[in-house]
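Here's a quick tour of a protein model. Take a look at the sequence and the structure before reading on.

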Amino acid sequence: MEYCIRVATDKDQESILFLMKEHALFEGHELAFSNKHQQLNKLETLPVTIFIVESNNKLLGYMSVIKQFSTWDMDWYLYLDCLYLTKETRGQGIGQKLMQKLKHFAKENMINTIQWQTPKDNFTAIEFYQKLNAVNKEKQRFFWAV
């Protein structure tokens, strides 16, 4: 399969939203769209970089990344917020290519660490990340609506 990995642009909004909804369902959640999704209309102004996988003008996956500062480490890191590939593209090495793209992006931005999390029951993803020699740190993630 021929594909390209590129930074998303505003024209990709509708396809990215579809993939985000598919991603939520994959993880057992429902993504309800509201007027908040309109924030993706201006991707260039958001503090996130979204990489997309595209083949024949169709998006097959995405990866969203945010630059953050750790007071614990006193250094910048990239937080991989989401990585999602459609069912038909999994297992073809595209995830590996996305992670290599992320590694290159980190080096370009002089960042030495990438962090992310995945559901503890997503065994396929966990195995994939372990093959990258990524280290798991057990933590609980909390959500506090204000």
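Predicted model: local features only at pLDDT ≥ 70, side-chain atom pairs only at ≥ 80, totals over all residues.

Residues are numbered from 1 along each chain as its sequence is written, and side-chain values use heavy atoms, leaving out hydrogens and water.

**The sheet**

- Five strands make an open sheet with mixed pairing, in the order S1-S2-S3-S4-S5. Strands (E, at least two residues) and helices (H or I, at least four residues) are DSSP runs, numbered from the N terminus, and two strands pair if DSSP finds at least two bridges between them.
- At the edges sit S1 and strand S5 (114–116), each pairing on one side only.
- On average, neighbouring strands of this sheet are turned by 30 degrees against each other, direction ignored. Axes are lines fitted to C-alpha atoms, for helices over the stretch in contact, and angles run from 0 to 180 degrees between N-to-C directions.

**Who pairs with whom**

- Strand S1 (residues 4–7) runs antiparallel to S2, joined by four bridges; Arg-6 has Ile-52 in S2 as its bridge partner.
- S2 and S3 are also antiparallel, with seven bridges, and Val-53 is partnered by Gly-61 in S3.
- The hairpin of S2 and S3 has two residues between the strands, and Asn-56 takes a positive phi near 50 degrees there.
- Strand S4 (residues 75–85) runs parallel to S5, with three bridges; Leu-80 stands opposite Trp-116 in S5.

**Inside**

- Strand S2 (residues 49–55) is largely enclosed by the rest of the structure, because six of its seven residues are buried. Buried means under 20% relative accessible area, exposed over 50%, and partly exposed in between (1.4 Å probe, protein chains only).
- Tyr-84 belongs to strand S4 and counts as buried, at 5% relative accessibility.
- Leaving aside neighbours within four places in sequence, Tyr-84 is in contact (heavy atoms within 4.5 Å) with residues including Leu-19, Phe-26, Tyr-62 and Arg-90.

**The helix**

- Helix H2 (residues 94–108) lies across S1, S2, S3, S4 and S5, running at about 160 degrees to S4.

- Phe-69 sits in strand S3 (residues 58–70), and its 38% relative accessibility makes it partly exposed.
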